[in-house]
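Colleague: I'm new to this one. Can you put it up and walk me through a few spots?

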Amino acid sequence: MANINQCLRKSGLVILDAHVQPLDILLTARHLHKNFQVKINMAIVGYAFHIPIMKQVVNWFGRTYKINFLPVYRKEELAPKDLALKFFCSFYPKEIDLETRRQANKKFIQTATTLCQKPGEVIIIAPYGSTVLFGKSIKNGVKKILLQNSLYLTSITRWHFPRMGFKTHFGKISYLKQNFNWEKIETKIQQDFASLPLPLWLQIIKSRLFRPKAWLKIPNSSR
């Protein structure tokens with residue numbers, strides 16, 4: 001915690017959350033609100049503002065934990081093939097066309113790039129875009145933000161059995177060198193997720209014996 005507080009006195013911070021379950025990234029934001037004096041900005045899928053149940057959940061978290069939600073639109077939404085994604089996208093009103101979504105994504109990158117340089121500002125991003133896509137490919141917009149000398153760390157929120165409550169685990173604060181190409185960024189972020197300081201029981205679950213989806217693409221050899 002000390003390192004995070006020290007960092008936020010001088011700069012903003014990008015938090016790359018594993019987001020392996022639907023609500024866990026919101027619980028990461030809740031942890032930050034309760035433990036740090038920060039302004040929380042979170043990228044969130046655009047349809048969360050239009051699906052009634054999701055909208056209620058998002059609005060409640062926003063009001064309760066002072067979260068500034070920034071809508072983003074995944075490339076997969078432009079021509080959805082997955083049945084669930086087709087269903088979610090069907091809630092978009094007609095005025096939110098493809099060009100509107102593209103412009104919103106550009107605005108998010110610009111806003112996030114600015115905020116992550118300001119002291120006390122936190123930007124929370126699911127770097128793979130969703131729970132389903134964890135570990136497959138870092139979104140290009142996220143890479144662009146990280147390559148602007150942005151400080152970042154990885155995080156994951158999981159149920160903590162000894163305390164009977166959710167606990168958020170943070171990695172080390174880091175940054176990407178300007179000469180990193182796309183492939184190097186993928187490798188570095190995977191290593192950062194693999195190196196999260198987890199308790200023993202989660203380390204066991206993370207082993208080759210169980211292989212839950214949170215770690216499918218994170219090689220154990222990178223530790």
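Modeller: Start with His19, which counts as buried at 12% relative accessibility; buried means under 20% relative accessible area, exposed over 50% and partly exposed in between, with a 1.4 Å probe and protein chains only. This is a predicted model, where local features need pLDDT of at least 70, side-chain atom pairs count only at pLDDT 80 or more, and totals for chains, interfaces and linings use all residues. Residues are numbered from 1 along each chain as its sequence is written, and side-chain values use heavy atoms, with hydrogens and water left out.

Colleague: Where is His19?

Modeller: In the loop between E1 and helix H2 (24–35). Helices (H or I, at least four residues) and strands (E, at least two) are DSSP runs, numbered from the N terminus. Phi of His19 is near 50°, a positive value in a residue other than glycine.

Colleague: And Lys66, buried or exposed?

Modeller: Lys66 is exposed, at a relative accessible area of 58%. Its phi is near 55°, also positive, and it lies in the loop between helix H3 (52–65) and strand E3 (67–72).

Colleague: New topic. What does the side chain of Ser174 make a polar contact with?

Modeller: The side chain of Lys188, at 3.1 Å. A polar contact is a pair of N or O atoms within 3.5 Å; within protein, one must be able to donate a hydrogen and the other to accept it, and residues adjacent in sequence count only if both atoms are side-chain atoms. Ser174 sits in the loop between strand E6 (165–170) and helix H7 (182–194).

Colleague: Which residues of H7 are buried?

Modeller: Among them are Ile185, Lys188 and Phe193.
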